[in-house]
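Subject: Structure handover and notes

Dear colleague,

Please find below the structure I promised to pass on. My notes on what was found in it follow directly after.

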Amino acid sequence: MRSLMIGFAGDHFDSLDVLSLGNACRRPELPSPFYIATGTHWAFPVLKRSTCVPEQIEEIVRHWNGLPAGEQARCHTPGFALELFVKGKSVFVAALCWRCNNISFGGSMASLSHREFEARSIPGSRLLQLCRRAITNAD
């Protein structure tokens, strides 16, 4: 059990996946494991998924919780998302765009719809590195 502060309404989660995302498209009519949706209209195709091991999760959570607020540029072309699970069920997803400093949230335990973050901060830069590494090392 782990805790995540920014945008997560729950007090714990069981597992975390890092997702590599494609370009935004219209949200599918039916839920699909091949897309993540963070708003009411748009979705992002999942190109690759990596389930993190406990050490990766602890490092991702540490940097996530250290993300400072930033200024939004509004392109929102997220390259990665974090998806949290409780008892095997997806309950939270956060799609991050390091170009526009924006995070969009979705899922039953999302407490925000979006938030700005400083992508060039140390926690922001490190989080991007961790996402890239998780996807690169995925089977």
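In which strand is the place of Val 91? Val 91 sits in strand 6, which covers residues 89-97, where helices (H or I, at least four residues) and strands (E, at least two) are DSSP runs numbered from the N terminus.

Before going further, please keep in mind that this is a predicted model, in which local features need pLDDT of at least 70 and side-chain atom pairs count only at pLDDT 80 or more, while totals for chains, interfaces and linings use all residues. Residues are numbered from 1 along each chain as its sequence is written, and side-chain values use heavy atoms, with hydrogens and water left out.

For the protein as a whole, the secondary structure comes to two helices and eight strands, and from the N terminus on the elements run β-β-β-β-α-β-β-β-β-α. Of the 139 residues, 50% are buried, a word that stands for under 20% relative accessible area, with exposed being over 50% and partly exposed in between (1.4 Å probe, protein chains only). Among contacts (heavy atoms within 4.5 Å) between residues at least 6 apart in sequence, 58% join residues at least 24 apart.

Leaving out residues up to four places away in sequence, Val 91 touches Phe 8, Leu 84, Phe 85, Val 86, Gly 106, Gly 107, Ser 108, Met 109 and Ala 110.

Most residues other than glycine have a negative phi. Lys 87, in the loop between strand 5 (80-86) and strand 6, has a positive phi near 50°, and with a relative accessibility of 79% this residue counts as exposed. Asn 101, in the loop between strand 6 and strand 7, also has a positive phi, near 60°, but Asn 101 is buried, with a relative accessible area of 13%.
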